[in-house]
Amino acid sequence: MKKKMSAGYLISRVIIWAVVILLTLSCLLPLINMVAISLSGSDAVAANEVGLLPKDFNVSTYKKLLGDAQFWKSFLISVERVVLGTAINMIFTISMAYPLSKSRLRFRAREVYMRIVIFAMLFSGGIIPLFMVVSKLHLVNTIWSLVLPGAVPVFNVILLINFFKGVPESLDEAARIDGASPLEILIKVYLPVSLPALATVVLFALVNHWNDYFSGLLYMSKAEMYPLQTYIQQLTVDLTQITDANQLKQLASMNNRTFNATKIVVSTIPLLIIYPFLQKYFVTGMVIGAVKE
Amino acid sequence: MKAAQTKNVSAVKAKRQGLTREEKTFHLMLLPGMIILLLFVFIPLVGSLMAFQNYVPAKGLLGSKWVGLENYKFIFSLPDGRQVFVNTLVIAFAKLVMNIFVPVTFAILLNEITAKVFKRTFQTIVYLPHFLSWVVLATVVTNMFSLEGPFNAVVTMFGGEPIQFLASNSWFRKVIVGTDVWKEFGYNSVVYLAALTGIDPGLYEAANIDGANRFKQIWHITVPALLPTVVLMTALNLGNILNAGFDQIFNLYNPIVYETADIIDTYVYRIGMVERQYSIGAAVGLLKSVISFALILGANKCAKKATGSGIF
């Protein structure tokens, strides 16, 4: 592109950079502020003197957190749930996406199944009947209540169907001529060439399970069974209990702001660790997702 | 299902009898997933018939008394029953518009930055909030909008009185829409950035030779090129117009702002799960599902007509 250094060009460059930088900073600074609060003295936080750098730097809340039994219990429940939930999600996603990626000449019941799957994606009975079913199945207060109701992630299934459809049919045919069974073809031919799509789906499932607080709130009646996000949600001020504005104001400036900030920062660290992968693969995911039926 | 299957067969191919070996495996592979969907989607769907009952848990769905549309009459006789539908539509519509306008603008601006290192750094940062939960971000937002927070610092700098943004019925919706856009604009801009990379650079060169400046090029080349994507995204999001964002509002609202902030989903949760009026909660939830379903089907048809592609 030719560079014309006219005044108008320069002004437009400055405006573009300024807007983009402002928007970017708006995403970054509030998060840095959170970290700074977690590393500051509680008096400085209460006096609202903490900006982007910690004031009265100390790690006392982090030390205190090490001894916080409920936090770590919830942390472990979340880890267990992520591992179990993601594994179950993947088994269902793969085992459903593979048959449904075949043409209806090879799998004559495909359209019926597709209709069921799409209907399940679009229509829900709502949380109340769902809660009744989960409690009738005696899943309430067990880890299964957090992983089974969402065991079939329909959106991910459709994403993987679209990806499998793009795998060259010749690979499949060659394996069939060699006498491989459908399961062997899936495991030995399809899965190895689908790693980027599988990574995307794994990451979606992982983030979903880690971030979900609502099923914990819905299905766990005891606080010691809360996964991490539910624990934090309950802790960072149960706003629904507050009825007047003054109380809200008081709570906002309470001393445990430092400690809560610490919990939030620590709960986010696992996501930050996988963030480079997330960033790499979710774009892939959106591109595959965009290839429609 | 068997009947539909055989019908399908005859429609697709002339009489092939029985299942092939491969098909048997396929049915087996789909079976566990179908059981899950049956348990957690289709049975609750039958359960939502309690919307037409005076449901008593001890009596169950079969034993409870059927009351027809009484629950709906009751809901719409309540002022807050009507209000939640209004709130939902207002908040969701504002989000729909802003969640297209801001990401499109951001994508166009970011596309103008040719320095790769900076572009990638900006992208890395703006995608981040999308992956954080509203539980975490609610604390961040509460900090930002607190009486001593940066927004009130600006207000007082211009000589105004500090505002309790999250406890004010005139501000709450604006904060909700603004922070939702803030969380998602980076992520939402991905589709538009992808569309921008598809534009033929030759178009810009030609415009350059014709003497069009950068703004004119954006207006006459970039914006029209994005239009199909914008139409598609609008149509798809229209189906979501009754989802005003439960997680966000649930983590930020309080009784002071119920008047403007209470949406269908938060109302269903409170009335059904907290107050345990199961039938009323289920009735509101079912009505929402039915309207949403119709909207999604309609929106998908429109999207297909307008751009040739839909979600299904």
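In chain B of this predicted model, the axes of helix H14 (residues 264–274) and helix H15 (residues 278–307) come within 8 Å and cross at roughly 160 degrees. Helices and strands here are DSSP runs numbered from the N terminus, with helices being H or I of at least four residues and strands being E of at least two. Axes are lines fitted to C-alpha atoms, for helices over the stretch in contact, and angles run from 0 to 180 degrees between N-to-C directions. H14(B) and H15(B) are therefore roughly antiparallel, on a scale where under 35 degrees is roughly parallel, over 145 roughly antiparallel, 65 to 115 roughly perpendicular and the rest oblique.

On the H14(B) side, the contact uses Ile264(B), Tyr267(B), Val268(B), Ile271(B) and Gly272(B). H15(B) answers with Tyr278(B), Ile280(B), Gly281(B), Ala282(B), Val284(B), Gly285(B) and Lys288(B). Being in contact requires two C-beta atoms, placed from the backbone, to lie within 7 Å. By class, the residues of this contact are eight nonpolar, three polar and one charged. Ala, Val, Leu, Ile, Met, Phe, Trp, Tyr, Cys and Pro count as nonpolar, Asp, Glu, Lys and Arg as charged, and the others, Gly among them, as polar.

A few words on conventions. Residues are numbered from 1 along each chain as its sequence is written, with chains lettered from A and ligands numbered from 1 in the order in which they are written. Because the model is predicted, local features need pLDDT of at least 70 and side-chain atom pairs count only at pLDDT 80 or more, whereas totals for chains, interfaces and linings use all residues.

**Between the chains**

Now to the interface, where 86 residues of chain B are in contact with 81 residues of chain A. Helix H2 (residues 21–47) of chain B supplies the largest share of the chain B side, 18 residues. That side has 54 nonpolar, 25 polar and seven charged residues.

Helix H6 (residues 127–136) of chain A packs against H2(B) at about 115 degrees, with the axes 8 Å apart, in a right-handed crossing. Pro129(A), Leu130(A), Met132(A) and Val133(A) of H6(A) meet Leu39(B), Phe40(B), Ile43(B), Pro44(B) and Gly47(B) of H2(B).

| Helix pair | Angle | Axes |
|---|---|---|
| H14(B) and H15(B) | roughly 160 degrees | within 8 Å |
| H6(A) and H2(B) | about 115 degrees | 8 Å apart |

Chain B holds 15 helices and two strands. Its radius of gyration is 25 Å, well over the 20 Å that the globule rule gives for 312 residues, so chain B is more spread out than a compact globule. The radius is taken over C-alpha atoms, and the rule is 2.2 Å times the number of residues to the power 0.38. Along its principal axes, the C-alpha trace of chain B spans about 75 × 65 × 30 Å.

Of the 312 residues in chain B, 37% are buried. A residue is buried if 20 or more other C-beta atoms, placed from the backbone, lie within 10 Å of its own, exposed if 12 or fewer, and partly exposed in between. Chain A has 15 helices and zero strands, and 42% of its 293 residues count as buried.

**Individual residues**

Asn188(B) sits in helix H9 (residues 172–197) of chain B and is buried, with 21 other C-beta atoms within 10 Å. Beyond its neighbours within four places in sequence, Asn188(B) is in contact with Asn99(B) and Pro103(B). The C-alpha atoms of Asn188(B) and Ile100(B), 88 residues apart along the chain, are separated by 7.8 Å.

Most residues other than glycine have a negative phi. Asp56(A), though not a glycine, has a positive phi of about 50 degrees. Asp56(A) lies in the loop between helix H2 (42–46) and helix H3 (60–66) of chain A, and counts as partly exposed with 14 C-beta neighbours inside 10 Å. Asn141(A) has a positive phi near 65 degrees. Its place is the loop between H6 and helix H7 (144–147) of chain A, and with 13 C-beta neighbours inside 10 Å Asn141(A) counts as partly exposed.

Definitions and conventions:
Left-handed = near helix turned anticlockwise from the far one by under 90°.
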